[in-house]
Amino acid sequence: MTEEGRAILDPATGQVFARVPDTSGPGVADAVDRAASAFHGSWAGTSPAHRSGLLRELAHLLREDRDALADLERRNAGKPVARAVGEVEFAAQVVDWFAAAARYPVGETHPSGPGMRTYTDRVPVGVCVAIAPNNYPLLLAVWKIAAALAYGNTVVVKPAPETPLSTRRLVERAAEVLPEGVLTAVYGGAGTGRQLCDHPAVGMVSFTGSTAAGREVARRCADGLKPVSLELGGKNPVVVFRDADLDEAARAVVTGFTGNTGQVCVAATRLIVDRAVHAEFVGRVAELTAALRVGLPQDPATDLGPLISRAAVDRAAEAVDEAETQGAKVIVPPGSAGVRHALGGGFFVDPVILDGPPSTGRAWREEIFAPVLSVAAFDTDAEALSLAHDTAYGLSASVWTSDAHRAEHFGRALRAGMVWVNTWGETEETVSVSGLGQSGYGRELGIHAVEGYTRPRAVWVAHRARG
């Protein structure tokens with residue numbers, strides 16, 4: 001850090017290309033106070049129809065600004081250009097969805113005696129804090145912002161310190177549509193996040209990030225009895241049986257562990273494969289993986305861009321080296337020397353398959369956040385399920401089989417907030433998602449998001465005639 005602000009790096013070059021000052025302590029307090037004033041002013045009383053219209057205008061701005069936002073995601077987060085454009089469009093779809101959801105009926109009318117009407121409804125929590133991660137800087141910020149605004153809250157958003165630029169532009173553009181104080185941004189690292197959690201005017205905190213950071217968010221918010229929504233880490237299994245469509249499953253596995261260069265909380269990083277097809281299937285996965293291209297984000301032919309930082313590359317390399325030392329077979333693309341990929345001064349990696357890593361090692365147990373796949377073989381259905389559950393996380397899981405009974409059994413038995421059967425990675429703005437175990441709690445997207453951003457009330461209205 002210098003007086004000019006926090007250095008923002010281009011992950012493809014390792015060079016500083018922007019600086020964003022951390023928000024000062026008084027600045028963070030001012031942002032929350034402005035959000036609280038806006039909420040207690042006119043915003044809380046804004047009609048659902050009006051909020052819906054404003055959100056549709058915001059979705060239009062996202063689409064209008066698509067290329068500029070995608071370019072910021074490319075430079076700031078190292079995203080290949082096609083992926084970045086797709087994520088901006090998904091963000092706009094999410095805003096459109098919540099524009100509609102703002103007008104959905106909520107609450108119930110309950111039977112009452114004469115002269116009494118009893119009903120339940122939902123009210124906004126007030127100031128919502130949205131803390132977004134560095135792997136999907138714009139998209140995941142929008143997931144939180146759109147839901148909170150739809151249900152009548154105001155929002156203070158804090159992007160990850162490494163990737164603030166697309167969120168900053170979004171907030172600047174949103175000022176053309178939203179009233180003053182309804183959506184504001186603050187910048188900085190963990191200290192800024194702690195101040196937001198501690199502020200007495202904050203009504204709830206929605207956080208996406210590591211499990212360790214999520215625990216601290218929960219602890220700090222507990223002091224103020226603030227509800228939290230936590231979307232945390234994952235170490236997600238893909239179970240492949242011998243009777244599966246192995247070609248389709250192999251393509252899904254490769255997409256699952258290399259997509260966004262492995263920087264995905266639902267990444268399919270543990271392959272649990274039937275021993276009868278183990279060698280064949282791992283070979284298919286390795287062949288498809290070798291065909292992927294590591295390259296510059298601006299190149300349309302690039303499949304894998306850089307990781308977010310040099311430290312992320314080092315963590316991945318350390319996990320691979322440890323697994324190899326402990327007996328895992330390391331499979332890398334032809335010509336690769338290991339996980340580190342030499343391309344300019346950027347933070348590039350090659351995808352790595354670890355066949356048979358120890359179950360006690362980091363590669364099997366920890367979220368690496370890089371394109372590293374750990375493989376284990378099984379002989380029985382019970383062993384497959386046991387291996388799938390050999391983790392403290394419970395974010396996502398996938399099973400591949402042509403046996404309808406087995407598909408139904410595993411679909412019910414797998415302990416994960418998202419389960420895919422004969423597919424992987426399906427996500428829609430209309431479907432609420434969440435994790436189990438150390439992957440957190442709270443709902444993102446879909447109709448159940450209302451539960452995090454509002455609170456239910458019970459209301460009794462007496463209307464007896466006066467004598």
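Hi everyone, let me start with a pair of helices: H4 and H5 are roughly parallel to each other, since angles under 35 degrees count as roughly parallel. Helices here are DSSP runs of H or I with at least four residues, strands are runs of E with at least two, and both are numbered from the N terminus.

A quick word on what we're looking at. This is a predicted model, where local features need pLDDT of at least 70 and side-chain atom pairs count only at pLDDT 80 or more, while totals for chains, interfaces and linings use all residues. Residues are numbered from 1 along each chain as its sequence is written, and side-chain values use heavy atoms, with hydrogens and water left out.

Back to our pair. H4 covers residues 81-101 and H5 covers residues 137-150; their axes come within 9 Å and cross at roughly 10 degrees. The axes are lines fitted to C-alpha atoms over the stretch in contact, and angles run from 0 to 180 degrees between N-to-C directions. Contact, by the way, means heavy atoms within 4.5 Å. On the H4 side, the residues that meet H5 include Phe90, Val94 and Phe98, and on the H5 side the partners include Leu139, Trp143 and Ala147. By class, this contact has 13 nonpolar, no polar and one charged residues. Ala, Val, Leu, Ile, Met, Phe, Trp, Tyr, Cys and Pro count as nonpolar, Asp, Glu, Lys and Arg as charged, and the others, Gly among them, as polar.

Now for another pair. Helix H13 (residues 381-388) packs against helix H14 (residues 404-413) at an angle of about 30 degrees, with the axes 12 Å apart. That makes H13 roughly parallel to H14. Which residues meet here? From H13 we have Asp381, Ala384 and Leu385, and from H14 we have Arg406, His409, Phe410 and Ala413. They divide into four nonpolar, one polar and two charged.

Next, salt bridges. Side chains of opposite charge can pair when their charged atoms come close. Our rule asks for a side-chain nitrogen of Lys or Arg within 4 Å of a carboxyl oxygen of Asp or Glu, and the count comes to 34 salt bridges.

One to look at is Glu318 with Arg362, where the closest N and O atoms are 3.7 Å apart. Glu318 lies in helix H11 (residues 310-325) and Arg362 in helix H12 (residues 362-365), so this pair ties together parts that are 44 residues apart in sequence. Arg362 also meets Glu322 in a salt bridge, at 3.4 Å from N to O. Glu322 sits in H11, so that pair links parts 40 residues apart in sequence. How accessible is Arg362? At 26% relative accessibility, Arg362 is partly exposed; buried means under 20% relative accessible area, exposed over 50%, and partly exposed in between, with a 1.4 Å probe and protein chains only. Glu318, at 42%, is partly exposed, and Glu322 has 23% and is partly exposed.

Last stop: Thr163, in the loop between strand E6 (154-158) and helix H6 (165-174). Is Thr163 buried or exposed? Thr163 is buried, at 0% relative accessibility. Leaving aside neighbours within four places in sequence, Thr163 is in contact with Asn76, Ala77, Pro133, Asn134, Pro137 and Ile308.

Technical notes
Parallel < 35°, antiparallel > 145°, perpendicular 65-115°, else oblique.
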